[in-house]
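Today I opened a new protein in the viewer and kept notes as I went. Come along and check each entry on your own screen.

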Amino acid sequence: MNFNDEKDYVMRIIKEMVRVLFSLMLGKQYKSVEQSEENKYEVAGKALEEFEKMIDAGLINEAENILLESIDYTQKEDVLAAILFYQYIGERDSDFLAAHNYSKEEALDGIKRLAERQGYDHITSLLMEN
């Protein structure tokens, strides 16, 4: 597996984890979550779109710190927003992420930690094995 294949593999795993976690947490079949104007998720009153702007400005670690300090793990919407946050990071170009001291693997780890906090660590283990 070359370097680009590995990055594509990480992105496929991120998307699959998002799909499965949304399906489990929402109790219905998940098709796709597009990052669009219809996305109304927020964490502690801060819209996901604001986090995305920080990511686009290269403030990835700062955005992640704010997200993790603000998230209420008992609120399903907060956790779903955080999952989308990591998906959004994972969709960024690897060069962009590297330039801002972040990686797709860190985004994948973030999703895995969220899944574990919600009791879905067995799901992430299964997805990582396949």
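These are my entries, from the whole chain down to single residues.

**Ground rules.** I am looking at a predicted model, where local features need pLDDT of at least 70 and side-chain atom pairs count only at pLDDT 80 or more, while totals for chains, interfaces and linings use all residues. Residues are numbered from 1 along each chain as its sequence is written, and side-chain values use heavy atoms, with hydrogens and water left out.

**Whole chain.** I looked up the secondary structure and found seven helices and two strands. Helices here are DSSP runs of H or I with at least four residues, strands are runs of E with at least two, and both are numbered from the N terminus. Starting at the N terminus, I read the order α-β-β-α-α-α-α-α-α. Of the 130 residues in the protein chain, 42% are buried (buried means under 20% relative accessible area, exposed over 50%, partly exposed in between, with a 1.4 Å probe and protein chains only). I also looked at contacts, meaning heavy atoms within 4.5 Å. Among those between residues at least 6 apart in sequence, 66% join residues at least 24 apart.

**Helix H2.** Which residues of H2 are buried? I noted Leu-48, Phe-51, Glu-52, Met-54 and Ile-55. They line one face of the helix, because they fall within an arc of 160 degrees seen down the axis of H2 (the arc is that of the directions from the helix axis to the C-beta atoms). Their cover includes S1, S2, H3, H4 and H5. Just after H2, I spotted Gly-58 with a positive phi of about 85 degrees.

**Helix H3.** H3 spans residues 60-70, and its buried residues are Ile-60, Ala-63, Glu-64 and Leu-67. Why do they sit on the same side of H3? They cover an arc of only 100 degrees around the axis. A handy reminder for me: an α-helix has 3.6 residues a turn, so residues three or four places apart point the same way. The buried residues of H3 pack against S1, H2, H4, H5 and H6.

**H3 with H4.** I found these two packing at an angle of about 165 degrees, with axes 11 Å apart (axes are lines fitted to C-alpha atoms, for helices over the stretch in contact, and angles run from 0 to 180 degrees between N-to-C directions). That makes H3 roughly antiparallel to H4 (under 35 degrees counts as roughly parallel, over 145 as roughly antiparallel, 65 to 115 as roughly perpendicular and the rest as oblique). The residues that meet include Leu-67 and Leu-68 in H3 and Phe-85 and Tyr-86 in H4.

**H4 with H6.** The axes of H4 and H6 come within 8 Å and cross at roughly 165 degrees. H4 and H6 are therefore roughly antiparallel to each other. Among the residues making the contact are Ala-82 and Tyr-86 of H4, and Gly-110 and Leu-114 of H6.

**Tyr-86.** Is Tyr-86 buried or exposed? It is buried, at 0% relative accessibility. Lys-15 is 71 residues away from Tyr-86 in sequence, yet their C-alpha atoms are 9.9 Å apart in space.

**Asn-101.** My last stop was the loop between H5 and H6, where Asn-101 lies. Asn-101 is not a glycine, although its phi is positive, about 55 degrees. Asn-101 is exposed, with a relative accessible area of 61%.
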